Amino acid sequence: MTTTEMSTLPAEMVAALASAIGPMPENAQLPVPPTFESVEEERQYRKEQLAAGFRLFGRFGFSEGVAGHITVRDPERPDWFWVNPFGMSFNRIKASDLILVDHDGNVQHGNRPVNRAAFVIHAQVHQARPDALAAAHSHSLYGKAFSSLGIPLDPITQDACAFFEDQGLYTDYRGIVSDVEEGKRIGEALGPHKAVILQNHGLLTVGQSVAEAVWWFITMERSCQAQLLAMAAGTPKLIDRDVALQSRAQLGSPLAGWFQARPLWEQITLSDPDLFD
């Protein structure tokens, strides 16, 4: 993990974190996104982050048979991406297990097949969003349940505000995604947002890092759970629009997503050191 003193952080980074930081000691240090001296070093880091993301998905119970995938662009060939092998448990995936596929679905590295839906969805999402380094999707329980309502998340909690007016809704479910055109429609529904709710299917999130995309998925899944519970109990009270937008500005930036994932990353890399193999 890379750290740096607060005094040497870029001004925009300090501004993004200022609202969440309390009293600090002199020469306070914070983790920051790493930089790399070579493509090989960056590739290995991205693969390790991806493996850690799968372990977290496994830990949170986001697996459902062979469904679910997280992808990250290759630093040398950004039109290619790394993805999980078809049929391998999230809880077992190591950096060395990951498969590299090109935009046409051809395996460029690895000796296992890739989930057709993973290629169709993620290739089109990455094409539609050049800024998205990573994308995450699984058939998580509360995401599936909430998606069947065909509505966006409401700003009923502070955490849900990260997605306020920053989520798409795809309402044209046509069965298991195997058609490139449907992948394109999902990319269009995602639009410029950090997440899209796939009606009758589940959630999909993107980010400028694996950690960010995975964090948005985890906190969106929990926000779906919270709204379902609140709706079952009564009529949730909405947060005022201006307050929701202010909260999103504080909680919903790429840096905020990356930073909020740090505790989970520390936890999983300590408990599952074999993911680096």
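**View 1. Histidine 137 stands opposite leucine 204 in strand β10.** The model is predicted, so local features need pLDDT of at least 70 and side-chain atom pairs count only at pLDDT 80 or more, while totals for chains, interfaces and linings use all residues. Residues are numbered from 1 along each chain as its sequence is written, and side-chain values use heavy atoms, with hydrogens and water left out. Strand β7 (residues 134–138) and β10 pair in the antiparallel sense over five bridges. Two strands pair if DSSP finds at least two bridges between them. Strands (E, at least two residues) and helices (H or I, at least four) are DSSP runs, numbered from the N terminus. Six of the six residues of β10 are buried, so this strand is largely enclosed by the rest of the structure. Buried means under 20% relative accessible area, exposed over 50%, and partly exposed in between (1.4 Å probe, protein chains only).

**View 2. Strand β9 (residues 195–198) is covered on both faces.** In a regular strand the side chains alternate between the two faces of the sheet. Here Ala195 and Ile197 lie on one side and Val196 and Leu198 on the other, and all are buried. β9 pairs with strand β8 (residues 168–170) in the parallel sense, over three bridges. In this pairing glycine 168 stands opposite valine 196. With strand β10 (residues 202–207), β9 pairs in the antiparallel sense, over four bridges. Alanine 195 stands opposite threonine 205, and isoleucine 197 stands opposite leucine 203.

**View 3. The turn between β9 and β10 contains asparagine 200.** The two strands form a hairpin with three residues between them. Most residues other than glycine have a negative phi, and most peptide bonds are trans. Phi of asparagine 200 is near 65°, a positive value. At 43% relative accessibility, asparagine 200 counts as partly exposed. Glutamate 165, in the loop between α4 (141–147) and β8, also has a positive phi, near 55°. Its relative accessible area is 42%, so glutamate 165 is partly exposed.

**View 4. Ring pairs link Phe54, Phe57, Phe60, Phe62, Phe90 and Phe217 into a cluster.** A pair of aromatic rings is described by the distance of the centres and the angle of the planes. Rings of Phe, Tyr and Trp (its six-membered ring) pair if their centres lie within 6.5 Å; planes under 30 degrees apart count as stacked, over 60 as edge-to-face and the rest as tilted. The structure holds eight aromatic pairs. In one of them, the rings of phenylalanine 57 and phenylalanine 62 have centres 5.1 Å apart and planes at 80°, so the pair is edge-to-face. Phenylalanine 57 is buried at 0% relative accessibility, and phenylalanine 62 is buried with a relative accessible area of 4%. Phenylalanine 57 also pairs with phenylalanine 217: the centres are 4.9 Å apart and the planes at 40°, so this pair is tilted. Phenylalanine 217 counts as buried, at 0% relative accessibility.

**View 5. The charged end of lysine 194 sits over the ring of phenylalanine 163.** A charge sits over a ring if NZ of Lys or CZ of Arg is within 6 Å of the ring centre and within 35 degrees of the ring normal. For phenylalanine 163 the distance to the ring centre is 5.9 Å. Lysine 194 also lies over the face of tryptophan 216, at 4.9 Å from the ring centre.

**View 6. The largest pocket has a volume of about 340 Å³.** Of the 15 residues that line the largest pocket, the closest to its centre are Pro33, Leu133, Gln208, Ser209 and Trp258. On a 1 Å grid over the protein atoms alone, a pocket is an open set of points where a 1.4 Å probe fits, with protein on both sides within 12 Å along at least five of seven lines; lining residues have an atom within 4 Å of a point. Grid points are joined across faces, edges and corners, and the volume is the space filled by probe spheres set on the points. The elements that give two or more residues to the lining are α2, α6 and α8 (254–260). Helix α2 gives the most, with four residues.
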